[in-house]
Amino acid sequence: MVLLTSLILDAALTIIGLAKRRGGLWTCRFAALSVIVNMSALYVSNALAAEFGDAVLPETACAAAAKIFVIAIFLQKTEPAERVLPGYLLSIGISLCVHSAPAAGLLCELLLLIYLLHAESTVRKELKQEAKDRAGFNAGGNDLYLQTIEESYRKNRTLMHDLNNHAIAMHALAANGEYEDLMRYIDTFSRKVRDNMFPVRSGSIVLDAVLADKYHRAAGLGISVIFEQIRYSSDLENEDLCTVVGNLFDNAIEENMKCRDAGQRRISICILSDEDTLQMTVKNPLFHELKVKNGLPVSEKPDVEHHGMGLRNVRRVCDRYNGTLIWDVLEQEFTVTAYLHTK
């Protein structure tokens, strides 16, 4: 009865929010979080009542705690994320499917809360980055950005479309007490979400797009990628930036694929810049005997004239910025560094 009263008060808060013209999207977000919080309080209350035999005191305490959280959500100035709207609606529907087992119900509510908060955070970061870097792209960089973002949105749409099926599966596993299978399912689902994200936030959407594209390609081939340090604040032309980063990354991927043991495949990347200089270093294991021509490693592919153009193009960019391209081999590790003077 106490929790029912709490839900009625939340409905009143929703009406107040609408009266202040916060909009339907805000209402959906508030309703979703409110239902999750109150249902969590219900499951905790039921568990305590079953343990101690007194329902009034735990129900009152849980309802009071839930009300504090709901009021805090109501007072938040955070704008809801429109792209998460299906998640808000789905969370309301799933939460209202009451579990007979308090533990299973509470776990389900916590999973929904984690998903919503994570989805909101991801979308807001993406929107902020897009707004910050939308202007000033050249055709090459803009095309790469659009292709990468479009692919990311496509994956997200697919994931959102299947979200209901995922939720039903998790709900069934939780209801049946199959918690080990549930955790494995959550791990798999988390990997899918993680694979749709940009691995780094450098401050340049073009650089982020290139690194994301190459990173996911490498990960799909079983290559471990380590971003040692990414700090970018240069005014390098986007086409030149794509040429340098793309070719160095591609060469590292190509070399790693010469090794059949995926456990030995790895790439480490370090990008450091300030207002005047830019340094990009890529390291990877060396799995073949290196041949050199005109000061650069020679490709093993039959069509050397065309397949050896990657590092030559990088060196041309370095020359254009009064920089240099340096490479070295130490203990079967190949290291290549591009130095550029951006001003």
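**Reading the sheet, the helices and the salt bridges**

Guide: Let's start with two strands: E3 (residues 277-285) and E7 (residues 333-341) run antiparallel and are joined by nine bridges. Strands count as paired if DSSP finds at least two bridges between them. Within this pair, Val-282 stands opposite Val-336 in E7.

Visitor: Before we go on, what kind of model is this?

Guide: This is a predicted model, in which local features need pLDDT of at least 70 and side-chain atom pairs count only at pLDDT 80 or more, while totals for chains, interfaces and linings use all residues. Residues are numbered from 1 along each chain as its sequence is written, and side-chain values use heavy atoms, with hydrogens and water left out.

Visitor: How many helices and strands does the chain have?

Guide: Helices and strands are DSSP runs, numbered from the N terminus: a helix is H or I with at least four residues, a strand is E with at least two. The chain here has twelve helices and seven strands.

Visitor: In what order do the strands of the open sheet lie?

Guide: The order is E1-E2-E3-E7-E6, an open sheet of five strands with mixed pairing. Strand E1 (224-231) and strand E6 (324-330) each have a single partner strand and stand at the edges, so one side of each has no neighbour in the sheet. On average, neighbouring strands of this sheet are turned by 10° against each other, direction ignored. Such angles use lines fitted to C-alpha atoms, for helices over the stretch in contact, and run from 0 to 180 degrees between N-to-C directions.

Visitor: Which helices pack on the sheet?

Guide: To read packing, look for contacts, meaning heavy atoms within 4.5 Å. Helix H10 (residues 238-256) packs on the sheet and touches E1, E2, E3 and E7; its direction makes about 10° with that of E3. Helix H9 (residues 205-220) packs on the sheet too, touching E1 and strand E2 (266-273), and its direction makes about 165° with that of E1.

Visitor: In which sense do E1 and E2 pair?

Guide: E1 and E2 pair in the parallel sense, over seven bridges. Arg-231 stands opposite Leu-272 in E2. Together, E1, H10 and E2 make a left-handed β-α-β unit. To judge the hand, point the strands away from you: a crossover is right-handed if the path from the first strand over the helix to the second runs clockwise.

Visitor: Is Lys-214 buried or exposed?

Guide: Buried means under 20% relative accessible area, exposed means over 50%, and partly exposed lies in between (1.4 Å probe, protein chains only). Lys-214 lies in helix H9 and is buried, because its relative accessible area is 13%. Leaving aside neighbours within four places in sequence, Lys-214 is in contact with Gly-246, Phe-249, Asp-250 and Ile-253. The C-alpha atoms of Lys-214 and Phe-249 are separated by 6.8 Å, although the two residues are 35 residues apart along the chain. For the whole chain of 343 residues, buried residues make up 43%.

Visitor: How many salt bridges are there?

Guide: A salt bridge is a side-chain nitrogen of Lys or Arg within 4 Å of a carboxyl oxygen of Asp or Glu. By this rule the count comes to eight. In one of them, Arg-184 pairs with Asp-181, the closest N and O atoms being 2.1 Å apart. Arg-184 and Asp-181 are three residues apart in helix H8 (residues 179-195), so about one helical turn separates them.

Visitor: Which salt bridges link distant parts of the chain?

Guide: Among them is the one between the side chains of Asp-240 and Arg-320 (2.7 Å, N to O). Asp-240 is in helix H10 and Arg-320 in helix H12 (residues 309-320), 80 residues apart. Asp-240 is buried, with a relative accessible area of 10%. Another joins the side chains of Asp-250 and Arg-217 (3.0 Å, N to O). This pair also links distant parts of the chain, with Asp-250 in helix H10 and Arg-217 in helix H9, 33 residues apart. Asp-250 counts as partly exposed, at 23% relative accessibility, and Arg-217 is partly exposed at 42%. Salt bridges that share partners join Asp-213, Lys-214, Arg-217 and Asp-250 into one network.
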